[in-house]
Amino acid sequence: MSLPVLPLPDEASCPFGPHPEIDALREHRPLTRVRCPAAGIEAWLVTDYADVREVLGDSRRFSSSGGATGHLLASTPPDSPVEEGDFARMDGADHVRFRHLFAPAVGTAKRMAEIRPMVQRIVDEAIDELAGQAHPIDLHEQFAKPVTTAVIGELLGVPAGDRKIFHRTAEAQFDNETTIDEFSAAKQPLFEYVQDLITQRRAEPADDAISIMIERGADFSDLELVKMASGLLVGGYDATAALIAHGVLALLEEPAQLALLRENPDVVPGAVEEVVRLLGATTGMLRIAVTDTEIAGTPIAAGDYLVAMLQAANHDPAQFPDPGRLDLRRDNRRQLGFGFGAHLCVGRQLARLELAVVLGTLFRRISGLRLAVPIDRIPFKRNSPITGPDRLLVTWDEIRPA
Ligand code: HEM
């Protein structure tokens, strides 16, 4: 029998949940072999909630050295050497050193409270901008991407006119077919640009995340800081924009839940968590077994690849009853959409803040917001570890002032 292939060919046909094939696997064969042609590897696919947590929660048995999405990308072979500053592919103490430096720059509640007014201003300005435009508009391209670009740009002190530079790198990085050489060429301009920013901030510190990392990271090389700041810029804008567009689509398809959100601002944090559970991290995280071991009774050999399917875990009915239903009041404390264990998303508090401000503002200020085309005519991203609607055409009745 031929092995299932990742990504599954028609994932776009299931806009809000894992492919039915994944659901069936979780039920009958929690571990199964899959082929990942872009990376040229085979892997164990892990779909059950407890098994996914076991793999991601034990970095002594399961290494991140292949890169979280190395199974999907031609540009970063999972067996390539881990180089200086490649924090997302490190384990143990080497990795913890980076996490300690990320935390004060983008991870604390205090920092999020400080930047909340900035995020609200950016969202309000983006909605004001829409008010002057003919509609339908593409909410992904004309709202979600500008918002997340501006937030991460301001947080790291990248001036508005220079932000295209990290878009270009993200486009190359999140395209499964980008070659190794193309990716090297695409990240070089960003690395050079960020190196210049670091040199400037060393001479003249400001209050942005780069200055914080320089101040606290005296033992970090410039290359390490360049890779950290570039990781935040690239990782920070695209995944969040995709989830904003995807979450808005899910809410527009569930009028009763949307009404609940509109009428009860206290539901916003629950709505954020539910959108992340339902739609977050659809493509799975790659790990490499460090030692001979087993998961769910299946022997795993040292060197085997495993793909932990976060979205499959988040749709495990044993954990989340009726998992395909958008339920803003659901208990989501155990959802895994931002990952689990040592590599849990460093930007999760920022992503939560952005989603909260967007969901709390968009439907309040834009009355009658609705799809401009039937859902089956919405194109979904393909060939990318980042999923969601590629274009989200919407229209409305009226935009109210902030
Ligand atoms: C809703 C949007 C987002 C989702 C669904 C998401 C999801 C994830 C997931 C699942 C991981 C775990 C990777 C692994 O297990 O190997 C991760 C890691 C990471 N995320 Fe996010 N993320 C989002 C937004 C952001 C933002 C806004 C930033 C930056 C400010 C960011 C920066 C990172 C970084 C740097 C890592 C690597 C952490 C490490 O390897 O230690 N993410 N993200």
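The exercises below walk through a predicted model, each with a worked solution.

Residues are numbered from 1 along each chain as its sequence is written, and side-chain values use heavy atoms, with hydrogens and water left out. Because this is a predicted model, local features need pLDDT of at least 70 and side-chain atom pairs count only at pLDDT 80 or more, while totals for chains, interfaces and linings use all residues.

**Exercise 1. Work out in which order the strands of the open sheet stand, and which strands are at its edges.**

Step 1: Strands (E, at least two residues) and helices (H or I, at least four) are DSSP runs numbered from the N terminus, and two strands pair if DSSP finds at least two bridges between them.

Step 2: Strand 1 and strand 2 pair in the antiparallel sense over 6 bridges, with Cys-36 facing its bridge partner Ile-41 in strand 2. The hairpin of these strands has 4 residues between them, and Gly-40 there takes a positive phi near 70°.

Step 3: Strand 2 (residues 41-46) pairs with strand 8 (residues 305-308) in the parallel sense over 3 bridges, and Val-46 stands opposite Ala-308.

Step 4: Strand 8 pairs with strand 5 in the antiparallel sense over 4 bridges, where Met-285 is the residue opposite Ala-308. Strand 5 in turn is joined to strand 3 by 2 bridges, again antiparallel, and Phe-62 stands opposite Ala-289.

Step 5: The order is therefore 1-2-8-5-3, with mixed pairing, and strand 1 (31-36) and strand 3 (62-63) stand at the edges, each with a single partner strand, so one side of each lacks a neighbour in the sheet.

**Exercise 2. Decide whether the residues of strand 5 are buried or exposed, and which way they point.**

Step 1: Buried means under 20% relative accessible area, exposed over 50%, and partly exposed in between, with a 1.4 Å probe and protein chains only.

Step 2: In strand 5 (residues 285-289), 5 of the 5 residues are buried, so the strand is largely enclosed by the rest of the structure.

Step 3: In a regular strand the side chains alternate between the two faces of the sheet. Here Met-285, Arg-287 and Ala-289 point one way, whereas Leu-286 and Ile-288 point the other way.

**Exercise 3. Describe how helix 4 and helix 5 cross, and what kinds of residue make their contact.**

Step 1: The axes, which are lines fitted to C-alpha atoms over the stretch in contact, with angles from 0 to 180 degrees between N-to-C directions, come within 10 Å and cross at roughly 145° for helix 4 (residues 109-131) and helix 5 (residues 139-156).

Step 2: Contact means heavy atoms within 4.5 Å; among the residues that meet are Ile-115, Met-118 and Ile-122 in helix 4 and Phe-143, Val-147 and Leu-155 in helix 5.

Step 3: The contact residues divide into 13 nonpolar, 1 polar and 3 charged, where Ala, Val, Leu, Ile, Met, Phe, Trp, Tyr, Cys and Pro count as nonpolar, Asp, Glu, Lys and Arg as charged, and the others, Gly among them, as polar.

**Exercise 4. Find which protein atom is the donor of the ligand's iron atom, and where its residue lies.**

Step 1: Donors are N, O and S atoms within 2.8 Å of the metal (3.2 Å for Na, K and Ca), and water is not among the atoms, so sites may look incomplete.

Step 2: The only protein donor is the SG atom of Cys-345, at 2.3 Å.

Step 3: Cys-345 lies in the loop between helix 12 (310-314) and helix 13 (348-365).
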